Amino acid sequence: MEETPRESYVLLWLTVVVIFAAMAAIFFFVPTEQTEGPVQRIMYFHIPCAWLAFFAFFVVFLSSILFLWKKEREWDIYAHASAEIGVIFCSLVLITGPIWAKPIWGAWWVWDARLTLTLILWLIYVSYLMLRSQTDPGSMRARYAAVLGIVGFLDIPLIHFSVLWWRAFHPQPKVITAQGFGNGLDTSMMGTLLVSLAAFTLLYFLLMGQRVRQEKMRDEIDRLKKEKLYSH
Amino acid sequence: MDNLGFLFAANAFVWAGVIFYLFTLKKRNHSLERDLQLLKEMVDKESKQ
């Protein structure tokens, strides 16, 4: 996932262009939803933030399994980098959700299954980052973090199915439904959502490239410090 | 129903969060690059002595 400077430059500009296309579609192209009004457009930020967070936690889950299996530091780096990005975007989900809920439900927060499970997901991965920052570097820290990274991901299928299994305030799925992909949405709304999802996915890879590069620099610093220490 | 303030608040929070994180990454990058450069120079100097 580490890019050359040319690749990161191309990725940066591609991300900026797609973000501007998404903003243009959200504010100028997509029609206003009849019952909720303009506030419904928050969905075009809220769903991509949730997608990015879930995707980031999926990368943590996969990298953690690969780390426990292969014991290669590379996978631990990917898991750590992705967890941080996931927490940032999960925080944005927990902020944009209540901003939409206040005018629609009349309350910032309700203890609905999906909302509560998302808050739990956020707490799990904040604990993951705290575990990493509060314990000494080494294989034990990486192993404990990997176990937490795997267990934490099990919350995501629960979040997805919570609105189907239990009575919920949260709207039913509109993108992935029992009737197929995007069946619950108008074509222009679906198109706008897809552009926004693409923008946030590109943003994930851009951020991930930077975070992985930083972790590798940190490893190199530790290696040089040890080299310098043993040379005395 | 016209709740434009909520729409702009959500938009502002998302982009402020992204820009703040990008700024943090840039600052962290700068500090790591500086430390790495310094250490490389020290190790090089010691290996020449």
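Tutor: A residue is buried if 20 or more other C-beta atoms, placed from the backbone, lie within 10 Å of its own. The model is predicted, so local features need pLDDT of at least 70 and side-chain atom pairs pLDDT 80 or more, while totals for chains, interfaces and linings use all residues. Residues are numbered from 1 along each chain as written, with chains lettered from A and ligands numbered from 1 in written order.

Student: Which residues of H5(A) are buried?

Tutor: Helix H5 of chain A (a DSSP run of H or I, at least four residues) covers residues 139–153. Elements that cover its buried residues include H2, H3, H4 (113–134) and H6 (155–165) of chain A. The buried residues are Ala142(A), Ala145(A), Ala146(A), Leu148(A), Gly149(A), Gly152(A) and Phe153(A).

Student: What span should H5(A) have at 1.5 Å a residue?

Tutor: H5(A) has 15 residues. The expected span is 1.5 Å times one less than the number of residues.

Student: Are H4(A) and H6(A) roughly parallel or roughly antiparallel?

Tutor: Their axes (lines fitted to C-alpha atoms over the stretch in contact) lie 8 Å apart at an angle of about 165°. On the side of H4(A), the residues involved include Leu117(A), Ile120(A) and Leu121(A), and on that of H6(A) they include Ile156(A), Ile159(A) and Val163(A). Angles over 145 degrees count as roughly antiparallel. H4(A) and H6(A) are therefore roughly antiparallel.

Student: What secondary structure does chain B have?

Tutor: The C-alpha trace of chain B spans about 75 × 5 × 5 Å along its principal axes. Of its 49 residues, 10% count as buried. Its secondary structure comes to 0 strands and 1 helix.

Student: Which helix of chain A gives the most to the side that touches chain B?

Tutor: The contact (C-beta atoms within 7 Å) takes 27 residues from chain A and 25 residues from chain B. On the side of chain A, helices H2 (43–70), H3 (73–105) and H7 (187–231) each supply at least two residues. With 11 residues, the most is given by H7(A).

Student: Which residues of H1(B) meet H3(A)?

Tutor: The axes of H3(A) and H1(B), residues 4–48, come within 9 Å and cross at roughly 170°. That angle makes the two helices roughly antiparallel. From H3(A), the residues taking part include Ile88(A), Leu92(A) and Trp100(A). In H1(B), they meet Phe6(B), Ala9(B), Ala10(B), Phe13(B), Val14(B), Gly17(B) and Tyr21(B).

Technical notes: Two residues are in contact if their C-beta atoms, placed from the backbone, lie within 7 Å. A residue is buried if 20 or more other C-beta atoms lie within 10 Å of its own, exposed if 12 or fewer, and partly exposed in between; C-beta atoms are placed from the backbone. Axes are lines fitted to C-alpha atoms, for helices over the stretch in contact, and angles run from 0 to 180 degrees between N-to-C directions. Angles under 35 degrees count as roughly parallel, over 145 as roughly antiparallel, 65 to 115 as roughly perpendicular and the rest as oblique.
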